There are 2 protein chains.
Amino acid sequence: MTVTQPVPQTPLSIPLDRTSPVPLYFQVAQELERRIMTGEIPAGTRLENEVVLAGRLGLSRPTLRQAIEYLVDRGMLVRKRGVGTQVVRPRVRRPVELSSLYDDLDRVGEQPRTRVLSLAVAAAPDPVAARMELSPGTEVYVIERLRLARDEPLALMRNHVPLGLVDLDEERLSASGLYQLLRGAGVTLKIASQSIGARNATAAEARALDEPRGAPLLTMDRVVYDDVGRVVEVGSHVYRASRYSFELTLTG
Amino acid sequence: MTVTQPVPQTPLSIPLDRTSPVPLYFQVAQELERRIMTGEIPAGTRLENEVVLAGRLGLSRPTLRQAIEYLVDRGMLVRKRGVGTQVVRPRVRRPVELSSLYDDLDRVGEQPRTRVLSLAVAAAPDPVAARMELSPGTEVYVIERLRLARDEPLALMRNHVPLGLVDLDEERLSASGLYQLLRGAGVTLKIASQSIGARNATAAEARALDEPRGAPLLTMDRVVYDDVGRVVEVGSHVYRASRYSFELTLTG
DNA sequence: GATATCAGAATGTCCGGACAAAGTAACGCT
DNA sequence: AGCGTTACTTTGTCCGGACATTCTGATATC
């Protein structure tokens with residue numbers, strides 16, 4: 001038989017603030033996440049069983065379970081009935097968030113800039129109207145932008161946004177991302193369904209993106225819904241494959 | 001002010017089998033999901049409040065909440081404190097699963113076939129070894145396959161699998177997908193981190209995939225971990241962009 | 001008439017307890 | 001020594017209740 005590896009185990013102690021508006025289960029989850037991320041609790045560690053741990057922290061088992069469940073959902077812990085709860089190797093990236101390219105670049109210090117090529121209110125083309133679940137010919141914002149990072153062109157973006165959600169103007173679109181503006185207008189982005197493909201650049205695209213003719217491009221078509229099921233944005237973007245790729249994390 | 005749209009509401013009744021090994025909350029969740037998917041409960045419907053509904057179904061509120069939570073996580077319901085729970089427009093696709101191309105094609109009846117181009121045990125190239133968290137030069141399975149759908153070439157796939165997890169041979173790889181074999185060997189695929197990009201085909205790739213020279217290809221690099229954090233597979237694949245795209249759903 | 005306050009309704013959090021199911025390991029029998 | 005059985009540990013499911021927080025709309029006030 002194989003020798004079972006020693007499984008480190010720590011008697012866990014977490015300070016809780018019962019006067020805080022932050023829920024107790026979330027305080028526990030956050031603190032655990034921090035310790036796992038920093039390596040303070042190394043991968044492979046087995047947590048004490050729920051009953052004991054709840055007792056030690058002065059919490060009820062349901063509350064502690066809620067904290068653990070939160071981390072299991074995020075892929076940081078694994079539970080097995082009859083066995084216990086174990087810390088999984090921390091993964092750098094979270095499951096893809098519903099963020100815009102602008103936010104992504106901004107976060108990693110890539111100095112995003114936007115050049116608004118056109119901004120108009122016009123009838124949505126039929127295929128777009130269909131995806132937006134609007135009757136053909138309904139007027140929507142039509143936005144075409146060029147996104148740059150570190151002053152290098154990165155992507156051509158065409159978006160369609162229904163009227164009435166947010167007031168758009170060139171200045172604001174240049175200063176921040178579309179999603180920031182939507183969120184700022186009280187829209188809660190909830191679900192997006194997207195399709196990622198590839199094709200060669202057209203002559204115009206190659207010119208705009210400073211790529212040679214026939215250069216490979218990544219295409220991304222996305223429909224975004226808010227928390228009440230409305231379509232809030234339809235996007236059709238092309239990225240320079242030489243400078244961009246999609247990173248994502250899947251959980252099973 | 002805008003006229004608030006009428007919100008349909010249904011007194012809900014779900015038959016429960018308390019002798020079944022299927023948990024009650026899951027019975028409720030499944031039945032609700034079915035009715036939402038079939039349109040029996042249309043989008044926008046507001047559910048009765050949790051207390052009343054739990055009473056009607058003969059369940060406790062925590063149990064009912066567990067069912068609702070499951071569906072909220074899957075993006076089919078939306079909850080708002082002080083307001084209620086509402087049905088979101090059903091989305092065709094679930095958040096991306098950790099499935100292999102073979103399974104995907106099989107499910108939609110695309111008649112997947114695999115031609116094993118080479119299968120060997122060899123030292124992992126350094127970059128691969130690094131991604132697999134193995135010391136340089138460790139021997140692993142090296143697999144090269146051509147995936148066909150409806151007898152048309154679709155993708156070139158190169159995989160690296162550590163030894164000791166599963167015994168691979170050409171026959172079994174031809175008959176099913178790699179992930180099926182791994183799962184069959186008791187490996188629980190848990191988390192994958194992947195990167196999707198694009199580039200032009202090399203001459204050899206173009207030939208194998210029946211594409212013209214310089215055709216755009218989608219590239220996908222993936223590292224898959226199991227439930228105890230081991231790397232179980234590293235894949236580096238190229239797809240014909242003319243015949244394939246990645247579909248995925250994000251939730252925020 | 002506009003604003004502030006208040007009551008009602010709904011979900012969010014938390015507790016304590018009970019039994020079931022699954023996996024592990026020790027035990028006892030052959 | 002090998003094998004099946006049993007006991008134990010641990011998570012999974014379920015119940016009932018209590019109070020907090022947030023949102024909506026009606027009421028009262030200025």
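**DNA surfaces and a helix pair**

Guide: H3(B) gives the most to the surface near DNA strand D, with three residues. This is a predicted model, in which local features need pLDDT of at least 70 and side-chain atom pairs count only at pLDDT 80 or more, while totals for chains, interfaces and linings use all residues. Residues are numbered from 1 along each chain as its sequence is written, and chains are lettered from A and ligands numbered from 1 in the order in which they are written.

Visitor: Which helix gives the most to the surface near DNA strand C?

Guide: That is H3(A), with three residues; helices (H or I, at least four residues) are DSSP runs, numbered from the N terminus.

Visitor: Why are H1(A) and H3(A) called oblique to each other?

Guide: Their axes, lines fitted to C-alpha atoms over the stretch in contact, meet at an angle of about 45 degrees and lie 8 Å apart. Angles under 35 degrees count as roughly parallel, over 145 as roughly antiparallel, 65 to 115 as roughly perpendicular and the rest as oblique. H1(A) and H3(A) are therefore oblique.

Visitor: Is the crossing of H1(A) and H3(A) left-handed or right-handed?

Guide: The crossing is right-handed, the term for a near helix turned clockwise from the far one by less than a right angle.

Notes:
Helices (H or I, at least four residues) and strands (E, at least two) are DSSP runs, numbered from the N terminus. Axes are lines fitted to C-alpha atoms, for helices over the stretch in contact, and angles run from 0 to 180 degrees between N-to-C directions.
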